[in-house]
Amino acid sequence: MPQNPAPSNPVQQARRVERLVAGQATSDGAGVKLTRVLTQDLQRRLDPFLMLDAFGSDRPGDYIAGFPDHPHRGFETITYMIAGRMRHRDSAGNEGLLDDGGVQWMTAGRGVIHSEMPEQEDGVMEGFQLWLNLGAADKMQPPAYRDIPSAALPEWQGDGARVRVIAGASQGVAGAVQRPRTAPIYLDIHLDPDARLAQALPAGHNALVYVYRGALAVVAPAASTEVPRQRMAILANTPGADGVVLHAGAQPTRALLIAGAPLGEPIAQHGPFVMNTREELFQAVQDFQAGRLA
Ligand code: MN
C-alpha cells in the first residue's frame, strides 16, 4: 500500500456544503430494510448518480430475504460491502461472492436479470449500492460485471487518512474503475480523529459526501459545515472551486466521497429501468415481459 509522501495540497478553493440530506427509510428487494440516501427527486441535482442506498443491520430479519431475481436496463450498479456476504448471480452467466470491503461493479446496459442474496444467517450486514447512469449512446451496450475483492482495491494512506479508491483517482492512485464520459470518483475515506484530507474535484462534477462513522466538517472559506453520521452533504458547484477539504471530529470517521460529470440528458425511470424517454421505458418493460432481457 503506497504511503503518501507529504502531498502538496491539491485544493486551493474548497467547495462548501449546499445542503444536508437525511435520506428515507424504506425497503426493497424481498423486504431488505435500508436508507435511500439519494432519492429520485435528487437525480437531476446529482446527475449522473441515480440512487444511493445505505444498508446496515445486525438483525437478520432486516436483510435475510435479499434481492431475488430482478431486471435492470440503462445504467450501472455499484455495490460496496463494508461487512457481510452477498452472492450475485445474473442472466449473463456471472456469479460472484461479495464480502467485507469488496466491490461489485455491474453494467446492466441493454439488460440483465440478477439476484443479490445474503450468504449469512446472522451477524452484521452493512454496505452501499450506488446507481450510476449511462449516457444515451451507452445504455444498450452488452451487460458486464466485475468483482473487485477488498485486497485488490487500490488505496493509499498517510497523515491520518486511508483512502480506498473505487473509481477515479486520489493523490495519484488510480481507482479500480474508470469511466470516460462521467469520470466518476468514488472514494471510501477513513480518517483518524482530527485528521484532514484535501481531495481534488473537477469544477463541473456534481459531488456528495456521505458520513457513515463518526462525524466531519466540510471546511470551506467562511462556510464550514458539520456533517453528522448518516447524513449526505451535497457539495456546492462553486465556480472555480477545485476540490473539497474534510476534517474529522473527535471520533474515527468514515465517509464516502462520490462525484461525477453530469450527463445533462433527460432521465426517465420506471423502477429498475432508467432510460431517456417514456417510449424507451415501454420498450424495456415489453422486452422484460417477452423474456428478451435475459
Ligand atoms: Mn439489482
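Q: How many nonpolar, polar and charged residues are in the lining of the largest cavity?
A: The lining has two nonpolar, three polar and one charged residues. Nonpolar here covers Ala, Val, Leu, Ile, Met, Phe, Trp, Tyr, Cys and Pro; charged covers Asp, Glu, Lys and Arg; the others, Gly among them, are polar. Bear in mind that this is a predicted model: local features need pLDDT of at least 70, side-chain atom pairs count only at pLDDT 80 or more, and totals for chains, interfaces and linings use all residues. Numbering runs from 1 along each chain as its sequence is written, and side-chain values use heavy atoms, without hydrogens or water.

Q: Which residues line the largest cavity?
A: T79, M86, H88, L98, Q104 and E116. A cavity is a set of points, on a 1 Å grid over the protein atoms alone, where a 1.4 Å probe fits but cannot get out; lining residues have an atom within 4 Å of a point.

Q: What volume does the largest cavity have?
A: About 30 Å³. The search of the whole structure finds one cavity of 30 Å³ or more. Volume is the space filled by probe spheres set on the points, with grid points joined across faces, edges and corners.

Q: Switching to the metal. What are the protein donors of the manganese ion?
A: H70, H72 and H114, each through NE2, at 2.1 to 2.2 Å. Donors are N, O and S atoms within 2.8 Å of the metal (3.2 Å for Na, K and Ca); water is not among the atoms, so sites may look incomplete.

Q: What spacing do the donors follow along the chain?
A: H-x1-H-x41-H. H72 sits in strand β5 (residues 67-72) and H114 in strand β10 (residues 112-118), so the pair ties together parts 42 residues apart in sequence. Strands (E, at least two residues) are DSSP runs, numbered from the N terminus.

Q: Is H72 buried or exposed?
A: Buried, with a relative accessible area of 2%. H114 is buried too, at 0%. Buried means under 20% relative accessible area, exposed over 50%, partly exposed in between (1.4 Å probe, protein chains only).

Q: Now the core. Which residues touch the most other members of the largest nonpolar core?
A: L52, Y80, F128, Y186, Y210 and M232, out of 30 residues in that core. A second, separate core of 27 residues includes I185, L187, V211 and L216. A nonpolar core is a set of buried Ala, Val, Leu, Ile, Met, Phe, Trp, Tyr and Cys residues joined through side-chain atoms within 4.5 Å.

Q: What does Y80 touch?
A: Leaving out residues up to four places away in sequence, its contacts include F128, L153, I166, Y186 and L256. Contact means heavy atoms within 4.5 Å.

Q: And where does F49 lie?
A: In strand β4 (residues 49-57). F49 is buried, at 2% relative accessible area. Beyond four places in sequence, F49 touches L38, W131 and I258, among others.

Q: What is the phi of A183?
A: Near 40°, a positive value in a residue other than glycine. A183 lies in the loop between β16 (173-174) and β17 (185-191) and is partly exposed, at 32%.

Q: Is A222 buried or exposed?
A: Exposed, at 91% relative accessible area. A222 also has a positive phi, about 60°. The loop between β20 (216-218) and β21 (225-227) holds A222.

Key: Helix = DSSP H or I, 4+ residues; strand = E, 2+ residues; numbered from the N terminus. 1 Å grid on protein atoms, 1.4 Å probe; cavity = no way out; pocket = protein on both sides within 12 Å on 5 of 7 lines; lining within 4 Å.
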